[in-house]
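Hi,

Here is the structure I promised to pass on.

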Amino acid sequence: MNFLRLFARFVRGSVFLVLRGNSAYWAWIAVLLALIASGGIAYARQVTEGLGITAMRDQVSWGFYIGNFTFLVGVAAAAVVLVIPAYVYEWKPIREIVIYGELLAVSAIIMCLLFVLVDIGRPDRFWHLLPPAGHLNFPYSILAWDVLVLNIYFVINFVVVTHILYRAFSGQHYNPRIVVPMVLLSIPMAVGIHTVTAFLFNGLAARPYWNSSILAPQFLASAFCSGPAILLIVVQLLRRFSRFEIQDAAISKIAELMAYAMFLNLFLHGAEAFKEFYSNTEHVLYTRYWFLGLGDHRTLVPYAWTAVGLNVLAFVLFIVPGARRNWISLNIGCVATYAGCYIDKGMGLIIPGLTPDALGEIYVYYPTMTELRVAAGIFALGFLLFTLMLKVAVPITLGEFHGGTAGQPGGASQHA
Amino acid sequence: MKPAILLGAAMLACAAAVAAVEQRPGPQPSAPQTSSPQTPASQASAPAAEERLEVPPPPFTDGIFPCSACHKDLKVNRARRELVEMHTEIELKHDAEHRWCLDCHDANDRDHLHLASGELVSFDESYRLCGQCHGEKLRDWRAGVHGRRTGDWNGHKRYLLCANCHNPHQPRFKAIEPKPAPQRPARPGK
Amino acid sequence: MATNDGSPVPARTRPVTRRQFATCAAAAAAGFVLTACGPKRLYEMPRARLTQAIRDMEARYAAQYGTTVSVSDAPPIAGVEFAYALDISRCIGCRRCVYACVDENNQSRDSQVHWIRVFSMEKGKGVDFTEADPYYAPAEVPEEGHFYVPVACQQCKNAPCTKVCPTGATWTEPDGIVVIDYDWCIGCRYCMAACPYGARHFNWSEPTIPKAALNTNTHYLGNRPRPKGVVEKCTFCIQRTRNGRYPACVEVCPVGARKFGNLLDPASEIRYIIEHKRVMVLKEDLNTLPKFFYFYAT
């Protein structure tokens, strides 16, 4: 009974918190809702007319949606880079933001699942994947593995976050006997979701660009760059717009970790590029399409070099201690990392993997307005979820919103 | 030597083969499932060398056969020469340097061909004549590997005579117009 | 579906007793549970249910196309494993096979689906797809200095496409034909990414087949009409070959370049080719073990 009363208070308080905010907050929400509506309309048209209104064709049968899916799996996995020092080594400065990392992971996985859903031709048959009504081709299909690990990872993060927040709300310390094993499990799971997603592509001998054993490590390296990049920007915003405190040392530490991850990312990319260009087999075509173009087909080349430039810039800004302590260069580094990894994974992985196609044909793929709108809608939905969760979670962790004063949280925590 | 019944059967086979040539989705007009599917060894795929294969009649020009209808009153002229009165449409492009009409057509029995040995063969057995030079093709053809097959893969296969596809006087295939190229993949609205 | 099991109650005039109602409800529930829990994939459907499913398909297509459509459930023939051989030295690239296949297998006409793709290659360069052109359109074929390589599903023994399917909607039949359950496919296109031969095609929009052009002689794993949003591919004309006939492309080929038969029959055309001719398969290094052989008869 006590639990129910507490829960009712939590819901009422949450609604109250979510509905309070300044004009910047409401503007942000309005933008997100507009993007969601636009995406919803575009998706409705895609459902009625078929995927033909995207630019995907038999030649390039996966595109922007799967690229975003892959990138967001990396974002979701990156929470672990913070979890390890926070819980395993009890390094306090980072622990405060781990909870936000996990909220980010939860939002990112929801976005991942939505990107898969909008990519499939028969969303009405999604349940075919879900036993016992459906059939999951486990363990043969790596996509079946991906469905499993993504959902497990989602549940773990959801449970940990909910537990910690609930305990904090009811004025208790979290139960280490629940949290620590879950957190420990989430570490291999985070590596797992990204490895499995890499294997999804890696296992296809038909696509030499993906069929390289460097793919999974390279996925992890880039995930450990792009995930924290988002998180660093988020915590800075939180610090600006709420009473949330975070030590500079924590931010600097994360930036330093990102520098190592980015070095690995660049190194692995370089190793792959060397192997392709120096050995110069027929498999070099795909790497060539990305970096140099094939004949007149050079659409992706500017993106490829932009990504390289952004990643190198981010590495320099994070590895130089003075630069990562400077807020301007730190944020430039974060944006550069995010953009660089996004181009790399969203376009640089999927499109050259399928161009030229299995029989040598070059079809120049780039997303249509429908795809951009649907993707923007999904990102907006993810950000909306993340915003609303933060709106509730931040006051809880700050002790402003708890069971005792439910419905009247002290001080409106406002953040964009 | 060639009873009318055999000719009739050959005509029927021809009709069936012509039907098979047409692109049609409907069922085969006559496809008797004689061989049991459970016994994969099929009787028609590797006939013994001496076995007479069921073939459509040779593709004669209308009214030209029997040749003896005209030739029985003509004196045999074995001299190698350019034909000016009849058969002027025939341009020999089949090793013409070494070959001439009477190397294949029999001078004494105009309704038959003859092999190098002098043995007479009927026009619906002409593959034996072709096979004298093109032995590998004849073997492949008997095995079902050279030439078009229609009908049943495990039963009644329909053969064609060499001359049904290759003009014996100009055996090389003529170029034909291809069917339309596939549409290129296009972005929506293009 | 569930109500069908519970509806044989003729007594509409009499008031329904509680007992009758309970019996009906129980029957309906049992029916629902059986229908809901039983296998829904054609792959594992028991014979009786398959027969029903096929009747449903026939009714659906009859309503959609306004004509009688027969959906065969001809099973694989024991002792038969199909294989195909194509004579590269004969093919003239006329694309008769492409369009015979479209007609026979009910491929979409407007948003065009072609199961067979013919590539024009230069004789000096050999079989090299990076230099190949599927869009050649000269006045006449064959073109000087060119040869042609038609490609469709290679019916791999070690098929990468069936392995990756997350829902088990595609599999290899005992006679070696790789088939798709169009009612179970979710359209994720993972199989298309996995196929090294570009053999799988997606219905990017609602397929269009003129009613008059519909081939009403279909097979439940083959050429029955497909919906939008699912993948399709060559099935060696399963509706013909399981009845002993040659595939449509074999019969239409004007130069006799296409050969078909039973790999397990030592007297078959296929075995003759493998034993007597120079044979190759595409992308042999991928170990897909295609049952589609290319050969040079001369």
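Before anything else: this is a predicted model.

Strand S10 of chain C, residues 258-262, is largely enclosed by the rest of the structure, because five of its five residues are buried. A residue goes down as buried once 20 or more other C-beta atoms lie within 10 Å of its own.

What does S10(C) pair with? Its partner is strand S2 of chain C (residues 82-87), and the two run antiparallel over five bridges.

**Another strand pair in chain C**

S3(C) and S4(C) are antiparallel partners over six bridges. In that pair, C:Glu122 stands opposite C:His146 in S4(C). Strand S4 of chain C, residues 146-151, is mostly covered, with five of its six residues buried.

**Chain C as a whole**

Chain C contains nine helices and 12 strands. It has 298 residues, of which 53% count as buried. Looking at its contacts with a separation of 6 or more, 65% are between residues 24 or more positions apart.

Two loop residues in chain C have a positive phi without being glycine, in case you want to check the backbone there:

- C:Arg95 has phi near 65°. This residue is in the loop between S2 and helix H4 (96-105) of chain C, and is buried because 25 other C-beta atoms lie within 10 Å.
- C:Gln155 has phi of about 45°. You'll find C:Gln155 in the loop between S4 and H5 of chain C, where it is buried, with 27 other C-beta atoms within 10 Å.

**Where chain C meets chain A**

How many residues of chain C are in contact with chain A? There are 40, and they touch 38 residues of chain A. On the chain C side, the elements that give two or more residues are strand S3 (117-122), helix H5 (160-164), helix H6 (190-194) and strand S7 (201-202). H6(C) gives the most, with four residues. Sorted by class, that side of chain C has 25 nonpolar, nine polar and six charged residues.

**A few things in chain A**

Helix H7 of chain A (residues 176-202) has 27 residues and spans 38 Å from its first C-alpha to its last, close to the expected 39 Å. H7(A) does have a kink of about 25° at A:Ile187, shortly before the proline A:Pro188.

Chain A also has cis peptide bonds to look at. One runs from A:Pro131 to A:Pro132, with omega near 5°; A:Pro132 is in the loop between helix H5 (92-119) and helix H6 (142-169) of chain A. Another joins A:Thr355 and A:Pro356, with omega about -5°, and A:Pro356 is in the loop between helix H14 (350-354) and helix H15 (369-398) of chain A.

Finally, A:Ala380 is in helix H15 of chain A. Is A:Ala380 buried or exposed? It counts as buried, because it has 20 C-beta neighbours inside 10 Å. Beyond its neighbours within four places in sequence, A:Ala380 is in contact with A:Leu32, A:Leu35, A:Ile36 and A:Gly39.

Cheers

Technical notes
Residues numbered from 1 in each chain as written. Chains lettered and ligands numbered in written order. Predicted model: local features only at pLDDT ≥ 70, side-chain atom pairs only at ≥ 80, totals over all residues. Contact = placed C-beta atoms within 7 Å. Nonpolar A, V, L, I, M, F, W, Y, C, P; charged D, E, K, R; others polar. Buried ≥ 20, exposed ≤ 12 C-beta atoms within 10 Å, placed from the backbone. Pairing = 2+ DSSP bridges. Expected span 1.5 Å × (residues − 1). Bend = angle between axes of the 7 residues up to and from the residue.
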